[in-house]
Amino acid sequence: MTFIGPHKVFAHLDRLAGWSRGETPAPVTIEWDLSNRCPLGCQSCHFSHTHTRGPWASRDRQLPMAYTGTGDYANPAVVIRGLRQMAKAGVRGIVWSGGGEPTLHPTWTDCVDVAADAGLEQGMYTMGGLLRADTAARLAQAATWVVVSLDCVNAITYAHEKGVAPDRFEQACTGVRHLAEAQATTVGVSFLLHAKNWHQVPEMLELGRALGATYTTFRPTIEDGPMSALATVDRAWISVALPLLEAVAQEPDVECDPSRFVSYQNWAGRAYDVCHGVKLNATVTPDGRMWLCPQRRGIEGSQLGDLRTEAFAEIWARHPGQWTALGNCRVMCRMHQVNGVLADVYATRPHEAFV
C-alpha cells in the first residue's frame, strides 16, 4: 500500500523549481486545526498542550518554550475566506487535523463543503467517535481520505490509554463503519505501536478489516516530548517487533514502513541541517494564524501570518523558504521523512552540467 510516503514530493518538482528561481509557489498542502478541544486524553499526544477542553486540559502539561496558545474554535468566516484564497493561490489539499478533534467544531461539515466547492482535495484525521451516519456520508463524499486514530483493539485498553469511558471505543468503531458504508472515500484505521501493544498487530489488522477500512496503518509511537530533539525512551522493543512488522507490511491493505521504526530506534539526530519541507506544507491553528509546520504551531518565531487580518497570498509571499533552527524540533517530526528526500534533491553535486 502506498497512500503514505515522502517520495510524493517528486510530483511537485515544479514548485521546488519555482523556489529555486526565487518565486514563492503555494504549498501543496495546508493542515488546518478547526478545534483545540479533544474528548480524548491519549497518553502520548504530542499536542496535548494545545487542548482547551477535554481530559488533557485538566492535567499538568509541559508547555513548549515560547508557546503562545493557538485558540479554541476556528472562526468559520476566517476558514471560508482562507479556503477560497488558498484554492485560488494553487493549494491542492486541506488536511483537517489537530490540535484538537476537528469534528468537535460546530460547523465542521460546512467547512468541508466549502473546501469541496473551492476545488480543494481533503483529508481528515479524526477520533471517529463523533461521526454519525449522515455526517460520515457527507465527509466521505467530499474527502479523498479519512483516517480514524484507533490505536487499541478493545474497550479496556482504549479506556486506559485514552483516559475515557470504555464505551468510547465502540463509538470510534461505529464511526469507521459509517465511513466505510458510505463507499465514497479511502478509509484508514491507524494504530500507534509501542512496547506494550506491538504484539497485537495481527488483532489490530483483523479489527481494521472487520470494520470495513480500506487499509490499516501502523506507525511507531514517538514517546519523547513534542519539542525534544533527543530520543530518550527505551526503543529496544523495535528489534523484537521488526520481523512481524516486515511481514505485515507485505499485506495489500496495510500501510507500514519498517524503516520508519528502525529510524526511530536508531535515532541520533538529523542527517540534514535545513528543513525544506516547509515549502510544501503549512499549518493553520484555530485562532487563524499560519505556522511554518504542524510541529511548531504556537511557537513564537514560527508564525507566518494571521488570516484574520491578512490575505493568504500576502502571508505566503514572505515565506522564508526553509527552516534551519532544528535544535528543538521533535524527534521524527512531521516533515522528517520528506526532508530526507529533499536533502538529496537539494544536494550540490560536482560536475552538475554533465548527466
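Visitor: Is V248 buried or exposed, and why?
Guide: V248 counts as buried because its relative accessibility is 8% (buried means under 20% relative accessible area, exposed over 50%, partly exposed in between, with a 1.4 Å probe and protein chains only). This is a predicted model, in which local features need pLDDT of at least 70 and side-chain atom pairs count only at pLDDT 80 or more, while totals for chains, interfaces and linings use all residues. Residues are numbered from 1 along each chain as its sequence is written, and side-chain values use heavy atoms, with hydrogens and water left out.

Visitor: Which helix is V248 in?
Guide: V248 belongs to helix α8 (helices, H or I of at least four residues, and strands, E of at least two, are DSSP runs numbered from the N terminus).

Visitor: What does V248 touch, beyond its neighbours within four places in sequence?
Guide: With those neighbours left aside, V248 is in contact with V201, L205, F218, V254 and C256 (contact means heavy atoms within 4.5 Å).

Visitor: And how far is V248 from P258?
Guide: The two are ten residues apart in sequence, and their C-alpha atoms lie 9.6 Å apart in space.

Visitor: V201 and L205 came up there. Which residues of α7 are buried?
Guide: In helix α7, residues 201-210, the buried ones are V201, M204, L205, L207 and G208. They are on the same side of α7 because they cover an arc of only 160° around the axis, taken from the directions from the helix axis to the C-beta atoms.

Visitor: Which residues are exposed on the other side of α7?
Guide: E206 and A210 are exposed there.

Visitor: New topic: how many residues has the largest nonpolar core?
Guide: That core has 92 residues (it is a set of buried Ala, Val, Leu, Ile, Met, Phe, Trp, Tyr and Cys residues joined through side-chain atoms within 4.5 Å). Those with the most contacts inside the core are W32, M86, W96, L150, F218 and M290. Helix α8 gives the largest share of this core, six residues.

Visitor: What is W96 in contact with?
Guide: Apart from neighbours within four places in sequence, W96 is in contact with W32, L34, V79, L83, P102, C111, V112, A115, Q122, G123, M124 and Y125.
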